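Here are my notes for you, written as a colleague would jot them down. Have the sequence and the 3D view open while you read.

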Amino acid sequence: MPSLWTPPRLHQNMSHEEERKVTWLELFYDLVYVATLIQLGNVLSDDITVLGFFKFVILFVPIWWAWTGVTFYSNRFVVDDLSHRGLIFLQISAIAWLAVSLEGAFGALAAQFALAYAAVRLVLVFMYLRAWRHVPETRALTQRYLIAHGLGVVIWVVSAFMPAPVNYGLWLLAL
């Protein structure tokens, strides 16, 4: 069972006897992404055209970027406390929300897609904020991530209230 609160630390600060193992939560997290990619594949199978392929790619990139964001974080920092698990569960919920909006991301659900993606990235901002606060030797790096991801979140939220095609241009800018 995880502790109530343990601050993040760098992987390099782990002892040699301590080995990094994948947790059940990480496996579940990845499974939610698999389900999201299946939803995205369904979107492509409904529109097997050049335009459909480009829509697929435009939606795939933020999904991939969101997954790699947490993967990069997890590869840098060791943390398995209840607040981290809570953040991961929040992100899982946001990813599920994103998956539900994929079918209409270029139509009626564009705002929902943008807000769901903003929520996914906002959780990552909170994760890096914890690392920035508790791992002083990484502050220069984590500060850059905080600024970049925070600005991206703001742009994604603004895009949710813009008409097409302005919103899609903001999506590209936010990435």
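1. **Before you start.** This is a predicted model, in which local features need pLDDT of at least 70 and side-chain atom pairs count only at pLDDT 80 or more, while totals for chains, interfaces and linings use all residues. Residues are numbered from 1 along each chain as its sequence is written, and side-chain values use heavy atoms, with hydrogens and water left out.

2. **Helix α2, end to end.** Start with α2, which covers residues 50-76. Helices here are DSSP runs of H or I with at least four residues, strands are runs of E with at least two, and both are numbered from the N terminus. The expected span of a helix is 1.5 Å times one less than its number of residues. With 27 residues, α2 should therefore span 39 Å, and its end C-alpha atoms are 38 Å apart, which agrees. Look at its start too: a side-chain oxygen of Thr49 comes to within 3.4 Å of the backbone nitrogen of Leu51.

3. **The buried side of α2.** Which residues of α2 are buried? They are Gly52, Leu59, Pro62, Ile63, Ala66, Thr68, Gly69, Val70, Tyr73 and Ser74. Buried means under 20% relative accessible area, exposed over 50%, and partly exposed in between (1.4 Å probe, protein chains only). These buried residues pack against α1 (24-46), β2 (77-78), α3 (82-101), α4 (110-134), α5 (139-159) and α6 (166-174). Contact, by the way, means heavy atoms within 4.5 Å.

4. Now find the nonpolar surface patch of about 810 Å², made by Val50, Phe53, Phe54, Val57, Ile58, Val61, Trp65, Leu172 and Leu175. Helix α2 gives the largest share, seven residues. Patches are made of residues with over 30% relative accessible area and no salt bridge; like charges are joined within 9 Å, and nonpolar side chains (Val, Leu, Ile, Met, Phe, Trp, Tyr) within 5 Å. Ile58 sits in α2 and counts as partly exposed because its relative accessibility is 35%.

5. **Helix α1 for comparison.** α1 has 23 residues and reaches 33 Å from its first C-alpha to its last, close to the 33 Å expected. Its buried residues are Leu25, Tyr29, Val32, Tyr33, Thr36, Leu40 and Val43, and they pack against α2, α3 and α4.

6. **Ile88, in among the helices.** Ile88 belongs to α3 and is buried, at a relative accessible area of 7%. Leaving out residues up to four places away in sequence, Ile88 touches Leu25, Tyr29, Val70 and Met127. Ile88 and Met127 are 39 residues apart along the chain, yet their C-alpha atoms are separated by 9.1 Å.

7. **Salt bridges.** How many salt bridges does the whole structure have? There are two. A salt bridge is a side-chain nitrogen of Lys or Arg within 4 Å of a carboxyl oxygen of Asp or Glu. One joins Asp80 and Arg85 at 2.8 Å, N to O; Asp80 is partly exposed at 34%, and Arg85 is partly exposed at 25%. Asp81 pairs with Arg130, their closest N and O atoms being 2.8 Å apart. Asp81 lies in the loop between β2 and α3 and Arg130 in α4, so this pair ties together parts that are 49 residues apart in sequence. Asp81 is buried, at 0% relative accessibility, and Arg130 is buried at 12%.

8. **Two histidines.** His84, in α3, is buried at 9%. Beyond residues up to four places away in sequence, His84 touches Tyr73, Val79, Met127 and Arg130. His149, in α5, is buried at 11%, and with neighbours within four places set aside, His149 is in contact with Arg121, Leu124, Val125 and Tyr128.

9. **Loops worth a click.** Thr138, in the loop between α4 and α5, is 128 residues from Leu10 in sequence but 8.6 Å away in space, C-alpha to C-alpha. Then go to Pro165, in the loop between α5 and α6: the peptide bond from Ala164 to Pro165 is cis, with omega near 0°.

Note on methods
Polar contact = N/O pair within 3.5 Å; in protein donor to acceptor, adjacent residues only side chain to side chain. Areas by Shrake-Rupley, 256 points an atom, 1.4 Å probe, with all protein chains shown as cover.
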